[in-house]
Amino acid sequence: MEKISLPRPVTRGQVSVEEAIYNRVSRRSFQKQSLHLAQAGQLLWSAGGLGAVGAAGVSRAAPSAGATYPLELYLVAGAVEGLDTGLYYYDYRAHALEMLQQSDLRVRLARASLGQEMVAQAPVSMIMAANYERTTRRYGERGYRYVYMEVGSVSQNIYLQAEALQLATVAVGAFDDAAVKQVLAIEEAPLMIMPVGLK
Ligand SMILES: Cc1cc2nc3c(=O)[nH]c(=O)nc-3n(C[C@H](O)[C@H](O)[C@H](O)COP(=O)(O)O)c2cc1C
């Protein structure tokens, strides 16, 4: 499949992590403007991209129980400069996108999110979806709680990265699981949706 390379992520920004923590808040309205591809890429990287090389090898943006990495990241792109409207899979190794569907899914995704309008209005939404097996294979039943914990880490990273980029976002956990899965036509279980746009 053809991959769309994302601009190299920035690892030194204008806003300190303390400022981002202090100012972080859920924001549910967005301006009409599109995101730049670099902004979308930076958000995806903050959620699950590759970090520095350490003693245990290459790290990723968020921790994972036993390094089992059960979460996959999808991008519903409605208005991103330099990117066709559609559904994309984030390949964190290549820091690239793979197109899965070429249509604007925002209205359908908002409907599946119990009518939460901000999902239809945001230029993009990021979806975290779990392959539980990767973690339960090692940890049994306890693996489920580890997966839920991991979504929390990823979500906070997205909140802080959005804040540092002067963007608005909100964690959306209230949705119809089966409906979201159907709209996206994915194998994994969707756990969180984060619409992002300009404040
Ligand atoms: C797991 C989780 C699920 C959430 N689901 C939704 C949601 O479906 N819709 C929504 O508008 N906000 C949702 N929120 C955002 C919370 O309402 C918000 O974080 C809370 O009111 C505190 O406000 P703050 O984030 O601005 O500090 C969710 C937050 C979390 C952590």
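1. The face of H7 turned away from its buried side carries two exposed residues, Ala178 and Gln182; please keep in mind, here and below, that this is a predicted model.

2. The buried residues of helix H7, which runs over residues 177-184, are Val180, Val183 and Leu184. These residues lie on the same side of H7, because they cover an arc of only 90 degrees around the axis.

3. What, then, covers the buried residues of H7? The cover includes strand S5 (71-77), strand S7 (86-91), strand S8 (96-101), strand S9 (124-130) and strand S11 (189-198), together with helix H3 (106-112).

4. Both ends of H7 deserve a look.

5. Ser64 is found in the loop between strand S4 (57-60) and S5. Is this residue buried or exposed? Ser64 counts as buried because its relative accessibility is 15%, below the cut-off of 20%. The side chain of Ser64 reaches two backbone nitrogens, that of Tyr69 at 2.8 Å and that of Thr68 at 3.4 Å. Leaving aside residues up to four places away in sequence, Ser64 touches Tyr69, Pro70 and Glu150.

6. Glu150, one of the residues touched by Ser64, is also among the buried residues of H6, which include Gly143, Val147, Val151, Val154 and Ile158. Helix H6 (residues 142-164) has 23 residues and reaches 34 Å from its first C-alpha to its last, close to the 33 Å expected at 1.5 Å a residue. H6 is followed by Gln166, whose phi is positive, near 60 degrees.

7. A polar side-chain atom of Arg24 lies 2.8 Å from an oxygen atom of the ligand, and a backbone N or O atom of Gly173 lies 2.9 Å from a ligand nitrogen atom. A polar backbone atom of Ala174 is 3.1 Å from an oxygen atom of the ligand. Taken alone, the ligand exposes 620 Å², of which the protein buries 52%.

Conventions. Residues numbered from 1 in each chain as written. Predicted model: local features only at pLDDT ≥ 70, side-chain atom pairs only at ≥ 80, totals over all residues. Heavy atoms only, no water. Buried < 20%, exposed > 50% of the residue type's maximum accessible area, 1.4 Å probe, protein only. Helix = DSSP H or I, 4+ residues; strand = E, 2+ residues; numbered from the N terminus. Arc of directions from axis to C-beta. Contact = heavy atoms within 4.5 Å. Polar contact = N/O pair within 3.5 Å; in protein donor to acceptor, adjacent residues only side chain to side chain. Expected span 1.5 Å × (residues − 1). Areas by Shrake-Rupley, 256 points an atom, 1.4 Å probe, with all protein chains shown as cover.
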